[in-house]
Amino acid sequence: MAQPAQRVDAVIVGAGFAGLYMAHRLDGLGFSLQGFEAGSAVGGTWYWNRYPGARCDVESMEYSYQFSEELQQEWEWTERYAGQPEILRYATHVADRFDLHRHFEFDTRVTEAVFDEDEDVWTIRTDTGRTVAARFCIMATGCLSSANTPAFPGMETFAGEVYHTGRWPHEGVDFSGKRVGIIGTGSSAIQAIPVIAREAAHLTVFQRTPNYSIPARNGPLDPDVQRAIKAEYPEFRARNSLMPGALGVQATMREMAAVDDDPDARRRDYEERWGIGGFAFLMGYEDLLINPESNDTAADFVREKIAEAVRNPDVAALLSPHNVIGCKRPCLDTGYYETFNRDNVTLVDISNAPVEEITPTGLLVDGVGYDLDCIVCATGFDAMTGTLQRIDIRGRGGRSLKEKWAAGPRTYLGLGVAGFPNLFTISGPGSPSVLTNMMVSIEQHVNWIADCVGHLRSEGIATIEATEPAEDEWVAHVNDVAGETLYPTCNSWYLGVNVPGKPRVFMPYIGYPPYVEKCDEVAAKGYEGFALRA
């Protein structure tokens, strides 16, 4: 006889930073909840991404929760940009401190979520056989949680080891004395390549598209800097939340077009920002992601830096991108370009002749075989929508989310989806998410959702659902804003083009402060654009 489904107020899918804070807020409101996490522990992205050199590209003092002043004051970061082990320790500390582990069932993947229109509940099923009925279904599945592993012909024949940066072995990998091939030169590869090169007998880098990378200038976090920020943390956070990406930079923006500045003054500004490191480089002029001519000045500067760093001019030319700088999330590195000066590193251009097949001894490119002991796929993620569409989510009339999003994701504010009542997506497509400091965007979404479900409970409202007109208007607005910038000019995972067959749609919303204002306005007007049913 089948066991009856457990009934709770809310199910949370994912125990990364979004799921942890969502559990904390709902628990504080007195909601019963059940969380599910595919991993064996908390951490989300930082649980899975353990590749060599894995590190956050947002400074540690900002890439952290701000909901608890006590937490902010007690945690001590050790580096300007925290590495994966330290971030995972932080996530574990938060879960321990606020007793959040008890809300989650680990090693459990949600496979199905179906809305029952008669009962106004979601039925959630897992790969472990669990069934839970919940009034609210909250997807905290992360934007970069579904690894994109290309189906190279012959992969199963390779006699060596194959790894993906997004699913790295927890025990680590010893590359000593081995011939390693890494496919891809995105953010994960740019962090991993210098580390692997120092260990491997030989590293062959297979590059389809070169990426711009800015020096991180990472190092130990100055205790005086940490104390100074902690002394005014609320003000520090408030200032950063007014920035377009919800993060601060160590240099102010010049309120002028880059192309209008005196060339010598512009050069000095770029040099200063290059020396500071991090995202400060692309926040020097207000029009860098709007005006192609201004963008060229920054791109030319980085190409010059690549030519200075890489001794072989042919290799430097291959490493130099020719697309708009910033249309993809800029990478931050420590010694990336200089790594190609090493005798044990080879760069192979696969832009015109992609990997033909994996062989038992390595891989084949343009008829040339490369003998390898290990292959690292640094091929990124099915970003923003991948994990959501791998769950069979069905709303009104049994319509699946995958079917609704066949031509591209459609949401209202990145929070709700028409036809899917009481379903919330944290940092979903149509919200600033990956264009921001994710911790800030996560907290803003979780707070909005928590306030919303608290309001529904107090007002005796059964369901909340985005309306089709509001969704249509928001999708058009997201596209219009993107169309006024240079973001859609290159093929990036923002557009989903790294995944074969995925519709080419710009998924995040550009502009954090205006977005927050819109969310606040929607709530203040009784959740305008949502249908509420008593």
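Colleague: Over how many bridges do strand 14 and strand 15 pair?

Modeller: This is a predicted model, and in it strand 14 covers residues 362–365. Within that pairing region Leu364 stands opposite Gly369 of strand 15. Strand 14 and strand 15 run in the antiparallel sense, and the number of bridges over which they pair is four.

Colleague: Which strands stand at the edges of the open sheet of three strands?

Modeller: The open sheet has the order 13-14-15, with antiparallel pairing. Each edge strand has a single partner strand, so one side of each is left without a neighbour in the sheet; these are strand 13 (355–359) and strand 15 (368–371).

Colleague: Are helix 8 and helix 9 parallel or oblique to each other?

Modeller: Two packed helices are described by the angle between their axes and by the distance between those axes. Here the axes of helix 8 (residues 263–276) and helix 9 (residues 292–309) come within 11 Å and cross at roughly 55 degrees. Angles under 35 degrees would count as roughly parallel, and helix 8 and helix 9 are therefore oblique.

Colleague: How many charged residues are there in the contact of helix 8 with helix 9?

Modeller: From helix 8, Arg266, Arg267, Tyr270, Glu271 and Trp274 take part, and they meet residues of helix 9 including Phe301, Glu304, Lys305 and Glu308. The residues of this contact divide into five nonpolar and two polar, while the number of charged ones is six.

Key: Residues numbered from 1 in each chain as written. Predicted model: local features only at pLDDT ≥ 70, side-chain atom pairs only at ≥ 80, totals over all residues. Heavy atoms only, no water. Axes fitted to C-alpha atoms, helices over the stretch in contact; angles between N-to-C directions. Helix = DSSP H or I, 4+ residues; strand = E, 2+ residues; numbered from the N terminus. Parallel < 35°, antiparallel > 145°, perpendicular 65-115°, else oblique. Contact = heavy atoms within 4.5 Å. Nonpolar A, V, L, I, M, F, W, Y, C, P; charged D, E, K, R; others polar. Pairing = 2+ DSSP bridges.
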